[in-house]
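Please examine the sequence and the structure shown here before reading the questions and answers.

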Amino acid sequence: MLADLSPLIAATTQWLTRAYPAGGGALDGALCEAQARQAVTVAAWLRYPTPMDAALVGVAGPGGSARLDWVTGYDEVPTPEEYAWRTWVDEVVASWAACLLADAALARTAVDALDGSPHTAGPSAAFRRLLDPDELDRRAAALLRHPDLLAPVATLHHTGLLDALRPGRPLPA
């Protein structure tokens with residue numbers, strides 16, 4: 001049984017969708033969130049590939065959004081409720097997810113790297129909105145997928161993602 005990464009995935013997804021919001025109504029918001037969640041899920045599964053890794057981040061915590069907030073210019077004082085979820089944001093996972101959202105080929109490589117992972121041992125994981133977004137997806141997540149806008153976040157840990165995806169290299173524990 002894998003340790004539960006859902007709090008980290010939910011918080012990091014929320015951070016991304018607040019930093020790069022959808023432009024339209026409720027449907028655009030839902031489509032944008034689905035794309036962010038898929039990218040964050042892939043990134044989290046790559047970052048925490050084993051049950052032990054996932055359990056350790058659950059105990060130690062992922063680090064929070066402070067540096068990401070600084071990089072993107074968010075300077076508001078969070079409310080206590082907002083501060084609580086922001087502590088579950090993982091900077092590396094957010095950066096890797098930004099890389100995946102900005103580069104379709106890299107996203108495909110990352111999903112392919114999960115083949116045989118304990119995370120994908122159960123029911124088939126589908127990442128269609130990440131890998132093959134349609135016109136509605138692209139419109140809804142225009143900011144979330146814009147390489148220039150994502151660059152400050154994506155460049156933070158881009159090299160680490162490329163290193164983790166090198167063929168023949170085991171994922172870090």
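Predicted model: local features only at pLDDT ≥ 70, side-chain atom pairs only at ≥ 80, totals over all residues.

Residues are numbered from 1 along each chain as its sequence is written, and side-chain values use heavy atoms, with hydrogens and water left out.

Q: Is T41 buried or exposed?
A: T41 belongs to helix α2, residues 26-47 (helices are DSSP runs of H or I of at least four residues, numbered from the N terminus). Buried means under 20% relative accessible area and exposed over 50%, with a 1.4 Å probe and protein chains only. Because its relative accessibility is 12%, T41 is buried.

Q: Which backbone oxygen does the side chain of Y20 reach?
A: Y20 sits in the loop between α1 (6-19) and α2. Leaving out residues up to four places away in sequence, Y20 touches residues including W15, L149 and V153 (contact means heavy atoms within 4.5 Å). At 3.1 Å, the side chain of Y20 reaches the backbone oxygen of L149.

Q: Which residues have the most contacts inside the largest nonpolar core?
A: A nonpolar core is a set of buried Ala, Val, Leu, Ile, Met, Phe, Trp, Tyr and Cys residues joined through side-chain atoms within 4.5 Å. The largest one has 47 residues, and those with the most contacts inside it are V42 and L130.

Conventions: Helix = DSSP H or I, 4+ residues; strand = E, 2+ residues; numbered from the N terminus. Polar contact = N/O pair within 3.5 Å; in protein donor to acceptor, adjacent residues only side chain to side chain.
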